[in-house]
2 protein chains.
Amino acid sequence: VWFMRQAGRSLPEYRAKRAAADVLEAVRDPELACELTLQPVRRYGVDGAIVFSDIVAPLAAIGLGVRVVPGRGPVLDAPFRTRADLARLRPIEPAVDMPWLGTAIRAVAEELASSDVAVIGFAGGPFTLASYLVEGGPSRDHVHTKTLMRTEPELFDELLGRLAALALASLRAQVEAGASVVQLFDSWVGALHPADYERHVLPHVRAVFDGLAGLGVPRIHFGVATGELLGLMAEAGADVVGVDWRVPLDVARHRVRRYVADRPLALQGNLDPSVCLAPFEVVEREALDVLRRGGGRGHVFNLGHGVLPETDPDTLKRLVALVRERSPAILAACASERAHPPEPEAR
Amino acid sequence: VWFMRQAGRSLPEYRAKRAAADVLEAVRDPELACELTLQPVRRYGVDGAIVFSDIVAPLAAIGLGVRVVPGRGPVLDAPFRTRADLARLRPIEPAVDMPWLGTAIRAVAEELASSDVAVIGFAGGPFTLASYLVEGGPSRDHVHTKTLMRTEPELFDELLGRLAALALASLRAQVEAGASVVQLFDSWVGALHPADYERHVLPHVRAVFDGLAGLGVPRIHFGVATGELLGLMAEAGADVVGVDWRVPLDVARHRVRRYVADRPLALQGNLDPSVCLAPFEVVEREALDVLRRGGGRGHVFNLGHGVLPETDPDTLKRLVALVRERSPAILAACASERAHPPEPEAR
């Protein structure tokens with residue numbers, strides 16, 4: 001059990017520490033990044049420490065003008081629109097361009113060396129980074145990005161290839177520094193029709209996951225509104241597919257199994273983050289539903305998207321305790337159900 | 001074939017006519033509303049004329065302070081947060097509170113009397129209207145709305161009951177004035193987990209559709225990101241389920257059939273609106289894919305969401321012609337495939 005965006009906005013000790021610094025400044029301070037990474041481990045007792053960083057940090061590191069505007073998101077100084085812009089996307093050398101990331105991860109790994117807590121490295125997925133580059137900032141419809149994809153498929157392919165290479169280089173460096181799990185956040189890829197994902201994005205995601213094969217770290221792949229993409233995301237090589245709160249995990253399991261049946265595949269998720277703003281009896285009821293649908297084995301408990309800033313940290317703390325306390329019984333019940341499967345439901 | 005948001009933003013003749021007026025002012029001018037409704041019929045040759053109005057128009061009509069802010073959406077003067085706010089949601093009497101809507105529809109129906117063009121009335125779905133009321137405006141996460149749903153389910157139930165009654169009264173009045181099809185736009189309901197939709201929203205949608213039964217008009221139900229809700233939306237009583245661009249129509253057909261197998265059910269959609277910004281050969285390729293997946297029979301061709309403002313009207317005109325020209329052959333091919341079904345695919 002861990003939470004996307006656990007390191008951050010909803011923690012008072014985070015706000016106290018980060019008060020002065022801009023996000024992209026904070027990630028470049030390894031001591032601060034290490035502290036912010038460890039805060040939720042101390043407070044919540046989660047099983048994973050996701051390194052405090054930002055998916056656009058590698059873009060800033062290779063010299064692209066990008067700011068993270070509070071309440072809005074990443075904003076580019078100059079959007080990416082033509083072939084000439086490719087020149088701005090040079091290959092990244094993590095040790096030179098963002099040494100602070102490795103330093104922070106080494107510090108986190110050292111702090112957690114005697115524990116079972118996983119160190120989770122991450123990178124932005126190629127479609128999501130492309131959308132920020134092409135739109136110039138957050139977007140509802142991703143219109144410029146999709147139009148580039150359809151009207152200049154070769155340029156789009158080259159763009160995604162470079163962004164995938166950036167993600168791969170960053171993730172490899174994070175693993176070398178001590179990350180024991182990696183997650184590729186292609187947050188906005190759910191805006192695509194499955195045929196578009198398969199044609200234009202999947203090959204690049206596969207290149208990232210293939211490039212990580214053999215490093216011995218589980219590879220998680222996550223995006224929002226990806227109900228129709230889950231199988232393809234698994235097919236791209238993920239070991240764990242993150243599911244947003246819209247798709248019940250039992251439905252998701254069924255859907256990915258039609259694509260990948262020949263190797264172990266876990267699911268991650270998927271409590272609606274807004275549930276955590278309700279009284280704890282509601283949180284408990286909904287979390288248990290997620291655990292049961294998750295089926296015990298091969299399930300990483302998480303939210304279906306990031307922690308909302310309004311969340312009370314005590315709720316997340318109680319939620320972690322609940323998941324720990326109730327998982328063994330649910331695991332046993334699910335194992336017994338697998339041994340004696342019930343009649344299939346009418347639908 | 002028709003297009004959601006066909007009456008509007010992307011038409012120069014619309015911008016010319018509406019230049020001066022605020023949207024909620026324009027909908028209250030029946031002559032203007034009639035003209036704006038007919039513009040896309042003339043220009044595109046679509047099979048349906050959706051009346052020019054706004055889903056929040058009935059809220060304004062019963063005295064709620066609501067403005068439609070260009071580029072942002074509906075904004076409430078005072079958000080709905082407590083039981084006391086229910087008093088602001090009095091029942092609507094369409095003939096008294098919004099006579100202009102009936103007048104506009106009668107004028108449209110008269111203009112189209114000698115044609116085969118359907119007159120499409122519409123209303124906002126209960127969850128979507130509730131979200132605007134509770135959030136006070138457009139929202140990405142619908143946090144206040146979902147929290148109200150979970151912490152005060154009885155109040156939420158009463159709120160949705162009143163909004164469903166508002167939608168039903170408005171739709172009945174539109175049918176009486178001459179609408180021959182109705183669409184319930186529950187645009188943001190896809191933010192809910194299916195269990196939440198089934199428990200908190202479906203009963204109210206069913207009340208709307210039940211209240212329209214016997215009027216002899218097809219009832220369309222549409223929302224965005226509703227991949228996991230399509231079956232429940234059909235079960236709620238829709239005759240036509242609108243599908244956003246994320247779910248291939250053949251997948252959608254399979255999914256709804258597991259819920260409703262005992263009566264005819266059509267699908268509407270679902271070309272990605274951003275496809276219409278690409279060169280026409282891309283539009284043609286993608287539109288034919290939609291037609292083929294739609295399976296010919298029981299398919300209303302539409303976009304998967306509203307027309308984007310940047311869309312070239314000529315593209316939509318050519319798209320309508322394409323759908324007309326190619327449908328008979330696709331219908332014939334699909335009928336022949338049904339007679340000689342191919343081997344089921346591996347996935």
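How many residues does the contact take from chain A and from chain B? It takes 40 from chain A and 40 from chain B, where contact means heavy atoms within 4.5 Å.

## Before you look

This is a predicted model, so to speak: local features need pLDDT of at least 70, side-chain atom pairs count only at pLDDT 80 or more, and totals for chains, interfaces and linings use all residues. Residues are numbered from 1 along each chain as its sequence is written, chains are lettered from A and ligands numbered from 1 in the order in which they are written, and side-chain values use heavy atoms, with hydrogens and water left out.

## Chain A by itself

Chain A has 14 helices and nine strands; these are DSSP runs numbered from the N terminus, with helices being H or I of at least four residues and strands E of at least two. Its C-alpha trace spans about 60 × 45 × 35 Å along the principal axes.

## Where the chains meet

Together, chain A and chain B bury about 3,300 Å², 50% of it on carbon and sulfur atoms. Buried area is the accessible area (1.4 Å probe) that two parts lose on being put together, summed over both.

Eight salt bridges run between chain A and chain B, each a side-chain nitrogen of Lys or Arg within 4 Å of a carboxyl oxygen of Asp or Glu. One of them joins Asp272(A) to Lys146(B), at 2.7 Å from N to O. On chain A's side of the contact, α8 (143–151), α10 (194–212), α11 (230–235), α12 (249–257) and α13 (280–294) each supply at least two residues. The most come from α8(A), which gives five.

The same surface serves both: 100% of chain A's contact residues recur in chain B.

Most residues other than glycine have a negative phi, and most peptide bonds are trans. Here are some exceptions. The bond from Gly269(A) to Asn270(A) is cis, with omega near -10°, and Asn270(A) sits in strand β8 (residues 266–271) of chain A. In chain B, the bond from Gly269(B) to Asn270(B) is cis too, with omega near -10°.

Arg5(A), not a glycine, has a positive phi of about 65° and lies in the segment before α1 (12–18) of chain A.
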